[in-house]
Amino acid sequence: MEVRDLRNVKEASLEFAPGLNVLVGRNAQGKTSLLEAVGLLARGRSFRTEDTETLIRRGAGVLRARGTATAPDRRTCLEVEIAPGTRRLRVDGREVPPREYHGRLEVVVYSTDRLRVVRGPMRERRQFLDRSGSALWPAYRQTVRDFERVLGQRNAALEAGARDLDTWNERFVELGARLRDRRASYVERLRVALRHGFHPEGERYDVVLVPAPLAGGVEAERPRLVAEMEGRRRDEGRTRRSLVGPHRDEVLLLVDGEEAGVAASSGQARSLLLALALATLEVYRQETGSAAVALLDDLDSELDEARATELCREVSRRGQALVTTAHAGWARRLADGGRLFEVEAGEVRAA
Ligand SMILES: Nc1ncnc2c1ncn2[C@@H]1O[C@H](COP(=O)(O)OP(=O)(O)OP(=O)(O)O)[C@@H](O)[C@H]1O
Ligand SMILES: [Mg+2]
């Protein structure tokens, strides 16, 4: 990867190892910014901010990132160029629109602010599932979009007391049932990967959907959703909102059978989040045959050394990971298994 004028990085060139890569440096030297650059190459946008222009180094006009993604059977050159008001994406030198750019390099991000998936409101957990499932299955993504649209339309019809509510109800049931079914299939895959993946100290991690999925798939979900809506018809008439459906379903994250948001310690919540990140990677690998890259920021904060080491071992067995840490001793101990980069004032040196 080559980066120019991204945050405090003026110019950097890194050749990552296929397994574990550790970026070490004191605070505010540019470690996260370099992960952000990889994320930018993968997604065309930052995982830290919606406002892409803030990535341009102060005083510079254009940010440029270029990287080569390698899979067993192909190499792809990815380029992102950002200037105020413009964003250019290129694949193998050819400029492409965003929707053609995506899908060539997949990353899974772990960072402290992702803890909101564990500790935040239910919406975060639903979103986590729907987004990672969508990255895997285009049909899932389409179902999410279609459902959101019909939800908006049905709410508007409820709000207006419209006569065509029945039409929206039908669409709502159809798409709601499909979304529940997709979510359930994805969760099933994640649970298997969680069971066989990273679980320090023998901890058990699990994802549970409420209501529990029905064995009959979409066919069974339809009548159930109809019944749920029937049961809340009065409330919906009063509040003029859709009160049941996949946008209200619960997603529970459990550590040893207890809800993590309520019961887990800081280290456990982080371990769970990391286990989820790895399970996502594993399912992605099984489905697509190619590995996604794990971007693990401040990996060791609040993880004890045993957990962090086990995690790194687990990650590098399964694919490529870029890990940042501010702790030099810890980084060096890990370095046996991978490649170490020192980051200082926006400059990178392979150690
Ligand atoms: N657009 C920008 N132009 C120049 N510098 C910037 C820009 N945006 C952020 N920075 C600076 O880049 C530096 C590196 O930030 P980064 O988040 O990469 O640090 P870090 O090494 O991950 O630190 P920590 O260990 O604290 O997480 C910070 O000092 C930040 O203020
Ligand atoms: Mg950082």
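**Strand 1 and beyond**

Tutor: We may begin with Asp-5, which belongs to strand 1, residues 2–6. The model is a predicted one. The phi angle of Asp-5 is near 55 degrees, which is a positive value in a residue other than glycine. Asp-5 counts as buried because 22 other C-beta atoms lie within 10 Å, and the cut-off for a buried residue is 20 or more.

Ala-345 also has a positive phi in a residue other than glycine, near 45 degrees. Its setting is a loop, the one between strand 14 (338–344) and strand 15 (347–350). Ala-345 is exposed, because 12 other C-beta atoms lie within 10 Å and a residue with 12 or fewer is placed in that class.

A further backbone feature is found at Pro-211. The peptide bond that leads from Val-210 to Pro-211 is cis, and its omega is near 5 degrees. Pro-211 sits in the loop between strand 9 (205–210) and helix 7 (217–231).

Another loop, between helix 1 (31–43) and strand 4 (63–71), holds Thr-52. Thr-52 is partly exposed, because 15 other C-beta atoms lie within 10 Å, a count between the limits for exposed and buried. Leaving aside residues up to four places away in sequence, Thr-52 touches Arg-45, Ser-46, Ile-82 and Arg-87. Val-173, by contrast, is 121 residues from Thr-52 in sequence, and their C-alpha atoms are 38 Å apart in space.

We turn next to the helices. Helix 4, residues 122–136, has 15 residues. From first C-alpha to last, helix 4 reaches 22 Å, close to the 21 Å expected at 1.5 Å a residue. Its buried residues include Phe-128, Leu-129, Ala-135 and Leu-136, and Arg-125, Arg-126 and Asp-130 are also among them. The buried residues of helix 4 pack against several elements, including helix 5 (138–160), helix 6 (165–196), strand 10 (250–255) and helix 10 (266–288).

Helix 10 has a further partner in helix 11, residues 305–318: the two axes come within 11 Å and cross at roughly 5 degrees. Helix 10 is therefore roughly parallel to helix 11, since angles under 35 degrees count as such. On the side of helix 10, the contact is made by Gly-267, Ser-271, Leu-274, Leu-278, Leu-281 and Glu-282. Helix 11 contributes Arg-307, Leu-311, Glu-314, Val-315 and Arg-318. By type, the residues of this contact divide into five nonpolar, two polar and four charged.

Key: Residues are numbered from 1 along each chain as its sequence is written. Chains are lettered from A and ligands numbered from 1 in the order in which they are written. This is a predicted model: local features need pLDDT of at least 70, side-chain atom pairs count only at pLDDT 80 or more; totals for chains, interfaces and linings use all residues. Helices (H or I, at least four residues) and strands (E, at least two) are DSSP runs, numbered from the N terminus. The expected span of a helix is 1.5 Å times one less than its number of residues. Two residues are in contact if their C-beta atoms, placed from the backbone, lie within 7 Å. Axes are lines fitted to C-alpha atoms, for helices over the stretch in contact, and angles run from 0 to 180 degrees between N-to-C directions. Angles under 35 degrees count as roughly parallel, over 145 as roughly antiparallel, 65 to 115 as roughly perpendicular and the rest as oblique. Ala, Val, Leu, Ile, Met, Phe, Trp, Tyr, Cys and Pro count as nonpolar, Asp, Glu, Lys and Arg as charged, and the others, Gly among them, as polar.
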